[in-house]
Amino acid sequence: MTQTDCYQYQIEIRRTEDDTVFGRRDVPQSQFEPVREQMLFLAQRHGLIPADPNGSAVIETPLFKWPEGGEINGVVLRAGNGKREVRRQLPIANLFDSYASVITAQLLAAQQLLATDHIDYRVFASPSNAAETTDSIVARVRREPLVLCPGRLDDWLAAAEAVGPVNDRDHPVFVLDTVFARAQEYSWQGRQSEGGCWLVGRLFQQTEPVPEVFCVVDTVLQAHGMKHTRFGLELSSETYVRLKSQLDRRRARFGREGELEMGFYHTHPFLPFELDGEESCRTCPKRPDCPLSSAALFSQKDALFHKAVFGRAAYAIEFVLGLTPREDFDLRAFTLDGGQFRERGFHRVSRPPEAAEELPHKR
């Protein structure tokens, strides 16, 4: 992947009570990498760049508050083929809130901030050539081309039921009902511990009548080697090694070429709100018709996990199975948008459409 007009970003935390500034810190390039990957995938969806993104450019243009000083309000990102391009303008909150939280946690741990303090932050940008190093060594990162199967979006839409906030901003995601049944079987550990599993599928591409890339999730793989707690999952090296091994065996033995880890499915087995270790929902008089959200939310731990595992997979999605105040199951999907997560929609499919293209298998 080629990057032009690349910038180095710095963040400055300020305590609002007394205007104490804790100095500028460099924002690691890894924090910005998922946003660049999203731009490349968006250009691929619109048919502007090929499945192999190497050589394609993501152009960044910081929006400076004033000509001097380097402080920014946001960033404009563009990607395309030289004739047409996609463009997104993202505010600093979308891009840098998560890293501001990381720095704030470090300041709290060092007792430079108190939990009762209020903070805000500023972001600064300066030009940077990512390919330059002090010893004249140039490192180039190459991306694996997307494996795209031919398909028609309308064939899948005709056989699907839309769930949640479906819109054109997100790439279409289709999930077989059998996947949800098996995922719940693998993941639901009861009320005392979270559970999770891998979602596996393929990417399809249509070129007519309009270009689009969409995802079909048709397989669930168990996540081995995890430590389960009520409010979290700890994945080990075995978890990832077993996943890669399973995918390799499926490709070699069953010809499942093009299969990708499309995301993760996990459970939140607690009620939406707890007070002092007691589940207030259970005794709340509003429980029968409570309008509050369910526990199917995306936590900060969930966000760190997704960015670590799927930060370079802009097509990846997350499913969370939570409980409502009435202890009913509630399933929701989430996506990384810029630097933040939000809920997104998806499509349930009882069976693949007969008119769908035959999935390619290795002969």
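**Labels and their cut-offs**

Modeller: Asp177 and Arg348 form a salt bridge, with their closest N and O atoms 3.0 Å apart. This is a predicted model: local features need pLDDT of at least 70, side-chain atom pairs count only at pLDDT 80 or more, and totals for chains, interfaces and linings use all residues. Residues are numbered from 1 along each chain as its sequence is written, and side-chain values use heavy atoms, leaving out hydrogens and water.

Biologist: Why is the pair Asp177 and Arg348 called a salt bridge?

Modeller: The term needs a side-chain nitrogen of Lys or Arg within 4 Å of a carboxyl oxygen of Asp or Glu. The closest N and O atoms of Asp177 and Arg348 are 3.0 Å apart, so the pair qualifies. By this rule the count comes to 27 salt bridges.

Biologist: Which elements hold Asp177 and Arg348?

Modeller: Asp177 lies in helix H4 (residues 177–187) and Arg348 in strand S19 (residues 346–349). The pair therefore ties together parts that are 171 residues apart in sequence. Helices (H or I, at least four residues) and strands (E, at least two) are DSSP runs, numbered from the N terminus.

Biologist: What links Arg122 to Glu12?

Modeller: A salt bridge, with the closest N and O atoms 2.9 Å apart. Arg122 lies in strand S7 and Glu12 in strand S2, so the pair ties together parts that are 110 residues apart in sequence. Arg122 is partly exposed at 34%, whereas Glu12 is buried at 10%. Salt bridges that share partners join Glu12, Arg24, Lys65, Glu71 and Arg122 into one network.

Biologist: How do you know that S2 and S7 pair?

Modeller: Two strands pair if DSSP finds at least two bridges between them. Nine bridges join S2 (residues 7–15) to S7, so they pair, running antiparallel. Within S7, Phe124 is the bridge partner of Gln10. Five bridges join S2 to S3, also antiparallel, and Arg24 in S3 is the bridge partner of Glu12.

Biologist: What makes S3 and S7 edge strands?

Modeller: The open sheet has three strands in the order S3-S2-S7. S3 (20–26) and S7 (119–127) each pair on one side only.

Biologist: Why does Arg344 have no salt bridge?

Modeller: The nearest side chain of opposite charge, Asp170, is 4.3 Å away. For charge, Lys and Arg count as positive and Asp and Glu as negative; His and the chain ends are not counted.

Biologist: Which backbone oxygen lies 2.8 Å from a polar atom of the Arg344 side chain?

Modeller: That of His171.

Conventions
Buried means under 20% relative accessible area, exposed over 50%, partly exposed in between (1.4 Å probe, protein chains only). A polar contact is a pair of N or O atoms within 3.5 Å; within protein, one must be able to donate a hydrogen and the other to accept it, and residues adjacent in sequence count only if both atoms are side-chain atoms.
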